[in-house]
Amino acid sequence: MKYALVTGASRGIGRAIALRLAAQGLPVIINYLSNHEAAHDVAREIADAGGKAELLPFDTANPEAIDAAIDAWENSHPDDHVGVLVNNAGIRRDNVMFMMPDDDWHAVLDTTLNGFFYITRRLLKHMMPRRRGGRIINIASLSGVKGMPGQTNYSAAKAALIGATKALAQEVAPRQVTVNAIAPGFIETDMTRELPQDELKKLVPAGRFGTPDEVAALAAFLASDDAAYINGEVININGGLYT
Ligand code: NAP
């Protein structure tokens with residue numbers, strides 16, 4: 001059976017993507033770091049709606065933890081494969097660069113960019129053989145497209161994710177695997193809760209932040225059969241903030 005793995009699916013955008021993919025009929029693997037209760041709630045919501053969900057916590061910044069978790073999943077699912085991978089887990093540790101501690105630089109790159117590398121490389125073997133096909137969807141950011149002051153670490157991680165998306169798309173297209181990035185602007189989640197929303201909304205032509213579900217609708221389309229010929233794209237979703 002084909003599964004979807006969504007990293008960082010306990011909250012925010014990842015949660016909304018997991019719910020959408022499950023509603024589209026895919027069994028969903030919910031990854032998260034530590035928020036067991038929120039992850040259980042997502043799984044319960046999916047099950048209540050008639051879908052199927054499993055929890056697979058691991059730290060996307062830890063290659064050994066990634067391997068151990070995926071090994072365990074594969075061993076317990078010998079007849080199943082991950083056909084849709086959404087690399088969504090991400091953090092921000094904002095600071096002007098001349099004040100930025102090493103840890104904040106590395107934590108952001110490890111969680112977002114290195115996590116993408118280790119998880120995707122590992123799961124490509126579920127998608128490449130026998131032209132089984134697959135969908136890889138990377139959640140980037142407007143910050144990676146245009147650069148944002150105070151976010152050199154986050155902008156670097158997301159810009160690199162966009163570069164990797166374009167390169168990998170060309171590598172795996174012959175095997176019917178697509179790799180696309182979504183670059184959201186300001187979306188209402190825990191990550192943006194402490195930002196000065198009233199001020200920032202004035203910068204957005206649409207006059208509001210986006211919702212996780214609006215991002216999830218795009219991810220669900222990219223995961224669908226209808227999106228088979230979209231490959232290597234970066235799709236902005238930002239209310240017209242920057243195009
Ligand atoms: P969020 O509400 O802060 O949720 C973050 C999710 O990632 C949680 O499920 C969290 O798990 C998980 N996570 C964090 N670090 C992890 C790690 N090391 N290993 C595994 N899971 C980890 O974030 P969000 O706003 O939904 O953001 C989701 C993605 O969209 C991120 O990549 C973010 O950079 C990107 N994005 C967000 C916005 C925005 O405005 N919100 C804009 C552009 C791009 P726990 O619950 O266990 O902590």
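This is a guided tour of the structure in your viewer, stop by stop. Keep in mind that you are looking at a predicted model.

**Stop 1: the sheet**

Switch to a cartoon view and pick out the strands. Seven of them form an open sheet, in the order S3-S2-S1-S4-S5-S6-S7, with parallel pairing. Now colour strand S3 (53–55) and strand S7 (234–237). These two stand at the edges with a single partner strand each, so one side of each has no neighbour in the sheet. Turn the view to look at how the strands sit against each other: on average, neighbouring strands of this sheet are turned by 25°, direction ignored.

**Stop 2**

Select strand S2, residues 28–30. S2 runs parallel to S3, and three bridges join the two.

Next, move over to S1 (2–6). S1 pairs with S2 in the parallel sense over three bridges. Val28 turns up again here, as the bridge partner of Ala4. S1 is also joined to S4 by five bridges, again running parallel. On that side, look for Lys2, which stands opposite His81 in S4.

Is S1 enclosed or open to the outside? Four of its five residues are buried, so S1 is largely enclosed by the rest of the structure.

**Stop 3**

**Stop 4: Gly134 in S5**

Zoom in on Gly134, which you will find in strand S5. With a relative accessibility of 8%, Gly134 counts as buried, because the cut-off for that is under 20%. Leaving out neighbours within four places in sequence, Gly134 is in contact with Gly83, Met127, Gln176, Val177 and Thr178.

**Stop 5: Thr165 in H6**

Jump to Thr165, in helix H6. Buried or exposed? At 0% relative accessibility, Thr165 is buried. Show what surrounds it: not counting residues up to four places away in sequence, Thr165 touches Asn138, Val179, Asn180, Ala181, Gly232 and Glu233.

**Stop 6: Thr192 in a loop**

Now for a residue in a loop. Thr192 lies between strand S6 (177–184) and helix H7 (197–201). Thr192 is buried too, with a relative accessible area of 9%. Beyond its neighbours within four places in sequence, its contacts are Ile187, Gln197 and Phe209.

**Stop 7: the largest pocket**

Rolling a probe the size of a water molecule over the atoms shows where empty space is left.

The largest pocket holds about 1,000 Å³ of space. To find its centre, select Gly90, Ile91, Arg92, Tyr154 and Met191, the closest to it of the 42 lining residues. H1, helix H5 (142–146) and helix H6 (152–172) each supply at least two residues of the lining. Which element gives the largest share? That is H1, with three residues. Sorted by class, the lining has 18 nonpolar, 17 polar and seven charged residues.

**Stop 8: two cavities**

A search of the whole structure also finds two cavities of 30 Å³ or more. The largest cavity has a volume of about 60 Å³. Select Asn87, Ala89, Thr111, Thr112 and Phe116: of the 13 residues in its lining, these lie nearest the centre. H4 gives the largest share of this lining, five residues. The lining divides into five nonpolar, seven polar and one charged.

End at the second largest cavity, with a volume of about 30 Å³. Select its lining: Leu5, Ile29, Leu56, Ile70, Trp73, Val82 and Leu123. By class, that is seven nonpolar, no polar and no charged residues.

Conventions: Residues are numbered from 1 along each chain as its sequence is written. This is a predicted model: local features need pLDDT of at least 70, side-chain atom pairs count only at pLDDT 80 or more; totals for chains, interfaces and linings use all residues. Side-chain values use heavy atoms; hydrogens and water are left out. Buried means under 20% relative accessible area, exposed over 50%, partly exposed in between (1.4 Å probe, protein chains only). Contact means heavy atoms within 4.5 Å. Two strands pair if DSSP finds at least two bridges between them. Axes are lines fitted to C-alpha atoms, for helices over the stretch in contact, and angles run from 0 to 180 degrees between N-to-C directions. On a 1 Å grid over the protein atoms alone, a cavity is a set of points where a 1.4 Å probe fits but cannot get out, and a pocket is an open set with protein on both sides within 12 Å along at least five of seven lines; lining residues have an atom within 4 Å of a point. Grid points are joined across faces, edges and corners, and a volume is the space filled by probe spheres set on the points. Ala, Val, Leu, Ile, Met, Phe, Trp, Tyr, Cys and Pro count as nonpolar, Asp, Glu, Lys and Arg as charged, and the others, Gly among them, as polar.
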